[in-house]
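Please work through the following structure with me by way of questions and answers.

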Amino acid sequence: MAARVLVGVKRVIDYAVKIRVKPDNTGVVTDGVKHSMNPFCEIAVEEAVRLKEKKLVKEVVAVSCGPQQVQETIRTALAMGADRGIHVEVSGKDYDTLGPLQVSKILAALAKKEEASLVILGKQGTFASEVTIDGDKIKVIREIDGGLETIKINMPAVVTADLRLNTPRYATLPNIMKAKKKKIASVKPGELGVDLTSRLEVLRVEEPAQRQAGVKVETVEDLVGKLKEAGRI
Amino acid sequence: MSSIGLTDEQKEFQKVAFDFAANEMAPHMAEWDQNEMFPVETMRKAAQLGFGGIYVQPEVGGSGLSRLDTSIIFEALSTGCASTTAYISIHNMCAWMIDTFGSNELREKFCPDLCSMEKFASYCLTEPGSGSDAASLLTNAKLQGDHYVLNGSKAFISGGGDTDVYVVMCRTGGKGPKGISCVVVEKGTPGLSFGKKEKKVGWNSQPTRAVIFEDCAVPVTNRLGVEGQGFNIAMKGLNGGRINIASCSLGAAHASVQLARDHLCIRKQFGETLSNSQFLQFKLAEMATRLVASRLMVRQAAVALQEDRPDAVALCSMAKLFATDECFSICNQALQMHGGYGYLKDYAVQQFVRDIRVHQILEGTNEVMRMIIARNLLTES
């Protein structure tokens, strides 16, 4: 049986909040704005907990990178059924410039350290719509343009979760209270041998261009004419 | 703003309750109201999360939380449907009464099923002839061997006819409060029947019926506490019940303020959105201020109750009086801000107004709240 699943949980601006760009265009407003666990990370946690309930894995560890506040997000994962948490402390300037490259190095180092057989993350990129464990292999069904593809992969493996993988559970009141007793270990990126220097520099953040008003045309000929005018055809 | 001063754990409870309200209740609240549906399945889902016996002890299936935790949870749930949340709070009150005053046999028999909402409960105090003057109730319980035989009727019972477990205040002794005992009566007991389903202005997701006892025999072992303790048990239940009902009003007002704010930002008249009108800005500010004030009163009372402070009863009465009045006014003003749309059933704000109107009346009218507070002030030495 696979021993350990690592689940990445990211604290992000709540999906229902209207995002606003800072007046100095250096980023988006985060102070005082409602934050929650990335909905795709919720799906990842749910999948990990289900694997544990099916006794296909022994332990679920929730990981988050960021300042003190990310512990709230880890606690939510614990309340959903994760066994323990790891808080990778990153704050201030380092947190502002923390990008996918640095996070993936951190997760790779942790996966090695924790001897995780499986890492489940919220999607971007290839994503699973069904995950089962078959002996020492993982069977993943993923949605592709043409339909569904079934693949078998060796462990350790990284799987990302799609919307259709599951519906995350609500934390129950008893589980929220039990989560208080679960441990969250703190670790610094340096201890994992990860260099946080960013290869990217954010020059400017802007809102997407306002949608321009369209033009109504009467006939197909008019449409073709307008498209030619605009150099589109 | 509803999370200020809460512990991390309370914020978690609140989050679950808000999410449940938004996903499982809000999409259905209009349907439940218009079709008068008692949403059993949704309430059972809520019970699975621990909302069936929030302040009942864990050893009999409850969540063992504090009165403040409970208030926070009901306030959040109420944003999804005030009527259904109010019923859930009544159910919780009954479960607590059995947990606190019942024998171990009674607790083990009823509490687990109530906490999971496998069974539903109703609180039976009011009668056609005794509302505010509750202690003058007439439902008689005559001791015959090892049974009490009940005769009489209760009025306006929330859940009546659809629920399984009835917590009934009845007269086993002489006149006045000291002659009253509290017994648990199960649906299906011979001699227990129900009146017609009442047609109400709001609270339509819960059926309301008269509960009728005709030579209804109830085992003496179903009594909570001792003979003559029933009125005391009923009032202790209501202290918490009043905080819960006030919390439901808070949630409705919270939702209504959000709806009003959203409407002001969308609706345009005289060439600009209503949110540019200073009068409406000031009105919204007042509504929000009075909501926060109400919330503080309710939460303060909850803490006093859970700490068993001497001023708890007065504070609970004050909180119920203040919050139910203020929140109704807030919801009503939110409706006004919607203009004609506020009067249409397609818009939720009218349902919040109709649903919480009754909070100023039941669990002790706001006039009775004044009686309790005045008595407390005048007997202070």
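Q: Is A:E115 buried or exposed?
A: In this predicted model, where local features need pLDDT of at least 70, side-chain atom pairs count only at pLDDT 80 or more, and totals for chains, interfaces and linings use all residues, side-chain values use heavy atoms, with hydrogens and water left out. Residues are numbered from 1 along each chain as its sequence is written, while chains are lettered from A and ligands numbered from 1 in the order in which they are written. A:E115 has a relative accessibility of 61%, and since buried means under 20% relative accessible area, exposed over 50% and partly exposed in between, with a 1.4 Å probe and protein chains only, A:E115 counts as exposed.

Q: Where in chain A does A:E115 lie?
A: Phi of A:E115 is near 50 degrees, which is a positive value in a residue other than glycine. With helices (H or I, at least four residues) and strands (E, at least two) taken as DSSP runs numbered from the N terminus, A:E115 is placed in the loop between α4 (100-113) and β6 (118-122) of chain A.

Q: Where is A:N25, and what is its phi near?
A: A:N25 belongs to the loop between β2 (11-13) and β3 (35-37) of chain A. Its phi is positive although the residue is other than glycine, and the value is near 60 degrees.

Q: Which residues does A:E89 touch, not counting residues up to four places away in sequence?
A: A:E89 is part of strand β5 (residues 84-89) of chain A, and at 31% relative accessibility it counts as partly exposed. With contact meaning heavy atoms within 4.5 Å, A:E89 touches A:G66, A:S186, A:V187, A:K188 and A:P189.

Q: Which two residues of chain A are joined by a cis peptide bond?
A: The proline concerned, A:P156, is found in the loop between β9 (147-154) and β10 (157-161) of chain A. The bond has an omega of about 0 degrees, and the residues joined are A:M155 and A:P156.

Q: What percentage of the residues in chain A is buried?
A: The secondary structure of chain A comes to six helices and eleven strands, and its C-alpha atoms fill a box of roughly 65 × 45 × 40 Å along the principal axes. Of the 233 residues in chain A, the buried share is 41%.

Q: How are α1(B) and α3(B) oriented to each other?
A: Helix α1 (residues 8-25) and helix α3 (residues 40-48) of chain B pack at an angle of about 155 degrees, with their axes 11 Å apart, where axes are lines fitted to C-alpha atoms, for helices over the stretch in contact, and angles run from 0 to 180 degrees between N-to-C directions. Because angles under 35 degrees count as roughly parallel, over 145 as roughly antiparallel, 65 to 115 as roughly perpendicular and the rest as oblique, α1(B) and α3(B) are roughly antiparallel.

Q: Which residues of α1(B) and α3(B) make the contact?
A: From α1(B) the contact draws on B:F20, B:E24 and B:M25, and from α3(B) on B:T42, B:K45 and B:A46.

Q: Which residue of chain B does UniProt list for "active site", and is this residue buried or exposed?
A: The unreviewed UniProt entry lists B:E363, in the numbering used here, and such annotations may be inferred rather than shown by experiment, with feature names shortened. B:E363 is located in the loop between α10 (349-357) and α11 (366-378) of chain B. With a relative accessible area of 11%, B:E363 is buried.
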